Amino acid sequence: MDQKHILLAEDDEMLATLLKYRLEKAGFAVEVARDGREVREALKTNRPDILVCDIMMPYYTGIETVDYVRKELQDNLPIIMLSTAGNETNVLNAFELGADDFIAKPVSPSELVVRINRLLIKTRA
Amino acid sequence: MSINWLTYLPVSFIDPPKIHTSLVWDLAILFAVLSGVYFLVIFLLRSRIIRRNKTIRELKLEIAPMISNFLFFEQDTNREEREEYITMKLDIRERLKDPASRMVMTQVLLDLRKDVSGDARDRVFALYQDLGLDRDAFAKLKSWRWERVSQGILDLTEMRVDRAYPYIRKFINDRRSVIRKQAQLASVTLRAEGITYFLDTAKYRISEWQQLKLLELLQRREAFDPPRFKAWLTSENSDVVLFALRLIRHYRQTDAEAGLIALLKHRNSEIKNASLECIRDFCFSSAKPALKEVFRHSGEESRILILDALAQVGEDSDMEFVSGIAAKDKSFIVRSKAKSVMNSIAPDSALPEFARIDTEQAVEEKLPEEVVESETEPVAKRESEMVAESETEAIAEKETQSYGEELLEIEVSEPIDLQATTETEETNLLAEEPDAEEEVHPTVFDLDELLARADHEFTDEELEIFDVCLWEELDDILSDLEPQPNLQYLPLDFLPIVQDTAVAPAATSKAVQAKDWIDLNFLPEVVSEKEEVRLTEPVEDELLDIQFTPELEARENAGEPSEPSADPYSKDPEDTGVNALPEDAENSLLAYFEWDSEILPPENKEAIAPEDLKDLEVAYELERTEEDTPGISIFQEYFEQYDTESQLILLEEIPGVGGTKELHLLQKLSKTAPEPVRSKATKALDKLSKRLNASAQKSNSDSQ
């Protein structure tokens, strides 16, 4: 079975480390990007199977990243957004731009794993 | 000698003091050293802070994977992972001996607590206590510094250290407000019985903000079974009672009925109002007697709340009480509220009361003049009544009917004669007479009135009337705006301001049409005469008064009878036999010649022989000379206004066309005008005199 490649865009080091550990433990190959620029570079060099992206990031926000993926790269890459609870406007914007799923912070790593698996199955289908 | 002493004594006072240069150098070196030390200390502190932050960052990078490993370690993994876990655990125990590592680890776990949820968060809490990091927080509780105590309480609360509850609740009544508030929140957060203990023991005031935060924490608690808060309605702390009332209302604890009713008599108005809100929300009908009893002794806000409660629990038997309030209470708001409560208890029981308006009588009383003169007064008056008496519907009905009658009256009393109006407005257009507008625009007032009342509703009939009036007005306005070709030579600026509107309009318009044929507007006196005739005489008189109509006289001379004119203003000479000339045309041969040469059709021109024209001219001139004073030449204005070159050109032409008036003009110019006009005028005078004499002699010989 191929190991799925996840690009995790999260500027909080601790949370990124924790999620990376949890996702690797769940069997994914995780690449962490700390800001919007790193996300764009990573997307150009190595297309992931799924993108887990925080909305609030330096340089390019998660919404801009979604817009970049959908409009400039014209890629239907599955995208899961991470955002603090109550940030409804950003979430709606992200969905309008083409995000596939959304998880509110604080994140439950187990829930994230479940959502990623479900989205990958859905994409594969 | 004494003088010398006095003279030199002050000098000794201003001598410079002796300065020890060695001391100055010592001070300079001292300050230099101090400044060096100061900068060195700053540098060292800054370096230390930077180094510390760097260490913390590195530690975080080292510890974060370890914590992640701890958090997500599962016992059912393989042996290698288990060995790795045990090794890591030993490593982390060693690190915990270092205060910096402990601090970093605490920070990491506190941060993670905010970012993760679910089982990961529970594992964070467990790891915090497992690693013994809570001991640091407990140690902070013993500090004398309020910020450290507060931080310790916060850490223990956030990491859900349940066993810290007995230690924290001691601070609920701490004299330091920050610690006190922190302890109150921690007590409620850590254990369910924390709220009970807090309400039992709280001595200090509980701010509104604190109450909200406590309520929020209670709402967040999972499987929280709220205690019966009625137990604290008897607390000596008013804020506790108030908070208990709010909690009762929030958790809808209706078993507190007796306590809530009893609190209606509480001295504290806040408590009283809170209990009223509870009674209103819970609809305690048993509270009605108490509500009525305390109403008299309550303030305005409480009275409104009591009425609110009565609106929920009131019955028909309470109507008398409420209607009494509606009639007698001093406060307008309370009276209004009472009326609304009456309608809540018995719908449609309190309807607006007002005297019925007899529309017919109102219309009869209103004279037509009043309707016209005071067009806005009734509206303003009725509007003010509407606000004061709340009789909106009745007033609207009255206005609608009244306006309808007014419109009808105006139409009947002032019937619109469209033809007369149109013709009179033509006159007004010429005269630009603002005073006459009201007379010739009887319907304009109606339109304005309607527009002024546009905010009100109109019936269909009124709208139809309005449409008719509007279209009539629109037609009139458009007819006014239509360009009249006959007015192209007629400047309006010199027209008389005052105009008699009784003038027959047909004469005016037709007289105006004649302006096309001969333009004599440059002569003020002619214009004034022309205006006078045009505006005061009918067209028949105007035609009859024409003293000199060349063609007529030519025909008379030729023995032909003059034919009556079907349309004297027609431009077709065959129809009229003569082009209507304004009476002032007779004053000028020049006008005649222009008329003749430019307008008269060729066949008519041929009908008048040049000899006849000369005869006519001489006869006319003689007649005018005998009858009239010399008058003013039409050229006079030119000589007053034009430049010398133009005047010289005119002087060349005048001997050929001039008459007796020009003789006088030339005589005047030959005496008064400057050179070279004077010499030219003298020559022209000679020529004109000769020509006129020759003409006179010839006419005399012909007559003989």
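## Interface of chains A and B

Between chain B and chain A the count of salt bridges is zero. The model is predicted. Six residue pairs are in polar contact across the interface of chain B and chain A, with both residues of each pair at pLDDT 80 or more.

The contact draws on 20 residues of chain B and 14 residues of chain A. Together, chain B and chain A bury about 1,500 Å², and 65% of this lies on carbon and sulfur atoms. Of the area that chain B buries against chain A, 38% comes from B:F72, B:D115 and B:S117, more than from any other three residues.

## The chain B side

Three elements of chain B give two or more residues to the side that touches chain A: α2 (21-71), α4 (99-115) and α5 (119-130). The most comes from α2(B), which gives seven residues. By residue class, the side of chain B that touches chain A divides into nine nonpolar, five polar and six charged residues.

B:S670 belongs to helix α37 of chain B, which covers residues 660-672. B:S670 has a relative accessible area of 18% and is therefore buried, the cut-off being under 20%.

The side chain of B:S670 reaches the backbone oxygen of B:Q667 at 2.7 Å. Leaving aside residues up to four places away in sequence, B:S670 touches B:R678, B:A681, B:T682 and B:L685.

Technical notes:
Residues numbered from 1 in each chain as written. Chains lettered and ligands numbered in written order. Predicted model: local features only at pLDDT ≥ 70, side-chain atom pairs only at ≥ 80, totals over all residues. Heavy atoms only, no water. Helix = DSSP H or I, 4+ residues; strand = E, 2+ residues; numbered from the N terminus. Buried < 20%, exposed > 50% of the residue type's maximum accessible area, 1.4 Å probe, protein only. Polar contact = N/O pair within 3.5 Å; in protein donor to acceptor, adjacent residues only side chain to side chain. Contact = heavy atoms within 4.5 Å. Buried area = accessible area lost by both parts, 1.4 Å probe. Salt bridge = Lys/Arg side-chain N within 4 Å of Asp/Glu carboxyl O. Nonpolar A, V, L, I, M, F, W, Y, C, P; charged D, E, K, R; others polar.
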